[in-house]
Amino acid sequence: LPIAGLAAGMSCDALCRLLGLEVTVQANTANPEDGIVEVTGIASGSLAERAGLRLNDIIEKWNRRVVLTVADWEAALAQCTPGQSIRVVVLRGGQRKLLMLSLPSK
C-alpha cells in the first residue's frame, strides 16, 4: 500500500496500520490540553518494531512535534511523507529514547 500521507486522504488509523502501530491517547482530566500518547500495540516485523518502539512507550515527540492530545497526534501524522525518516522521542522506564522510523517511499 503506497503511503500518500494524510494530505492525500490517508487516515491516522490507516497510517498507523501501515506502521504496525497502535496507540491510545489519554487525556489529563485536570487539563485537557495535556495528556499522553501510549503505544498499546506493535505488529511483529512492522516498521514500528524495527524502529525500536515497544509496548507501553509514551510518545513525547513525533518528527519534532510534541504530542499530548489527539489533535497533536493527528497533526504530527499529517506531516508524514513517503520516504521520510521520522525522529520519535519516547519515554520508556523513566528515560527518554530517540528512535528513527523510516517510512516507505512507495
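## Model

This is a predicted model, in which local features need pLDDT of at least 70, side-chain atom pairs count only at pLDDT 80 or more, and totals for chains, interfaces and linings use all residues. Residues are numbered from 1 along each chain as its sequence is written, and side-chain values use heavy atoms, with hydrogens and water left out.

## Overall fold

The protein chain has three helices and six strands, arranged along the sequence as α-β-β-α-β-β-α-β-β. Helices (H or I, at least four residues) and strands (E, at least two) are DSSP runs, numbered from the N terminus.

Of the 106 residues, 39% are buried, meaning under 20% relative accessible area with a 1.4 Å probe, protein chains only.

## Nonpolar core

A nonpolar core is a set of buried Ala, Val, Leu, Ile, Met, Phe, Trp, Tyr and Cys residues joined through side-chain atoms within 4.5 Å. The largest one has 24 residues, and L53, I59, W62, W73, V88 and L101 have the most contacts inside it. Elements that each supply at least two of its residues include α2 (47-51), β3 (58-62) and β5 (85-92). The largest share, four residues, comes from α1.

Leaving aside residues up to four places away in sequence, L53 touches L21, V39, I42, A48, V88, V90, R92, L99 and L101; contact means heavy atoms within 4.5 Å.

## Helix α1

C12, A14, L15, C16 and L19 are buried in α1. The buried residues of α1 pack against β1 (21-28), α2, β3, α3 and β6. G20 follows α1 and has a positive phi, near 75 degrees.

Methods. Buried < 20%, exposed > 50% of the residue type's maximum accessible area, 1.4 Å probe, protein only.
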